[in-house]
Amino acid sequence: MDQPQPTGTVRWREILNRQYGLALALVCLGIWLHAADSLLVATMVPQIVAEIGGAELIAWTVALYGIGSIIAGASSGLLTLHYGLRGPMTFAALLFALGCGVSALAPEMWVVLVGRLFQGLGGGGLMAMAFVAVSSLFPRRLTARAMGAISTLWGVSAFIGPLVGGLFVEYGTWQGGFWFFAIQAILMAIWIQFTLRKSKKQEDRPHIRFPFWRLSWLSLGVFLIAYGGIEVSVLQTSLFVGLGVMALVIFLFLDGKKSENRLLPHKPLNLLTPLGAALVLVLAFSTTTIAITVYGPYLITVIHHEPPIVGGYVMACLSIGWSIVAFLASGVAEKHDARMIFSGMLVITASLPGYAYSLPNGPVWLIGVFAAIQGGGFGMAWTFILRRAMKLAPANEYERVSSAIPTLQRVGFALGAAYAGILANAAGLSEQADISTIQVVAWLLPLASLPAAAIGLVATYQFTRRRSGPATS
């Protein structure tokens, strides 16, 4: 990756061939399993609750999956750095399959939750290692095309995941939905053994001590933030989110003191370094979007009197915009990376005032337009963040940087969901709230995301202004 790279437009046929095609398909399968399964349960939950109960635990089917994916994402870079891709990626696929099997056999909801935690660990590992695979299996010239394929598949999964769950509930059983993904994960584990047989661990690396203590602080921090976003009240949520952030700070402090077995890159949230700025960018803009994703369908249903499915698919316009723009833009030459990233972040920021107007006032199609615009901003920028980060990263940080991007994205989602919950409840959102109160929430949430977007723009400037080669420290 340190060799000079051609700067011309990259065509799809350069990656869709015998040399790289199988590796790209494998990466995309890992993304599919994670993305589709994370959305699968939403359409199966009513049937699950009807058969085994546990309505009070529904929110944790999402929260535990997210917690597991963050923990796995944080450790994936370290594991692949020392053991290569083949072993850790196979283990992640088998862990995902185990989680699906546990959920499928569950007699009570708490067993489903255990399965969801395993699915999150396996799926989050597959997602993070897909980013690592892109940076290690493809030359830098092709990484944007690979990321374009990943982004496109992610958007498709936004539709197909819930659809698969609905089909199994309608024509089969909810257990069948979990078994469907378990079988795919097992086949993927077998496929990994053949496709990545040349992927070796670095022989000059010493045996590592797995960082259970630091992962415990990370787990505790994410758990407390997730709990604050689920059981929402102004005082309780603020307390748990505050404690969760403290635990994350302790994790960052302890991790920063390590050398060989660090989980994250050096100074991961330092705005004064290009790589630190890149990770702040990911964290900040993930935080800005989750409030609309969480509350958008509900606000559309209540304010505009649309059925829930309409709200869901209006919000899915974000994924469509992301996928289309990522697919079209992924061939842009590397010399334009900084311009594409900064332009995308500006588009995302501009969509927030659009939401603030359209969510409370309508029409519904206009909300969909701003969702597609926001998604297009992500598609314009996200595709090139990894390629530029790899250009600036020292060689011994490639795996950590690659896995840190999706990990901090998930942390941003957890922080943003809790923040949105505090604001919505402070504004008076409840089942008994009148329409004027709900309209206040509809314009408040997007505008309250602007400070995080401003931080993200500062980070974007710091990340994109440097034009020199790879970093040295």
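View 1. Helices (DSSP H or I, at least four residues) and strands (E, at least two) are numbered from the N terminus. Of the 473 residues, 57% are buried, meaning under 20% relative accessible area with a 1.4 Å probe and protein chains only. Among contacts (heavy atoms within 4.5 Å) with a separation of 6 or more, 83% join residues 24 or more positions apart.

**View 2. Helix 9 packing with helix 13.** Here residues 274-304 meet residues 398-426 at an angle of about 40°, and the axes lie 6 Å apart. Axes are lines fitted to C-alpha atoms over the stretch in contact, with angles from 0 to 180 degrees between N-to-C directions. That angle makes helix 9 oblique to helix 13, a label for angles that are not under 35 (roughly parallel), over 145 (roughly antiparallel) or 65 to 115 degrees (roughly perpendicular).

View 3. Phe 168 counts as partly exposed because its relative accessibility is 23%, between the buried limit and the exposed one of over 50%. Setting aside neighbours within four places in sequence, you will find Phe 168 in contact with Thr 173, Trp 174, Gly 176, Gly 177 and Phe 180. Phe 178 is ten residues from Phe 168 in sequence, with a C-alpha to C-alpha distance of 9.4 Å.

**Notes.** Residues are numbered from 1 along each chain as its sequence is written, and side-chain values use heavy atoms, leaving out hydrogens and water. In this predicted model, local features need pLDDT of at least 70 and side-chain atom pairs count only at pLDDT 80 or more, while totals for chains, interfaces and linings use all residues.
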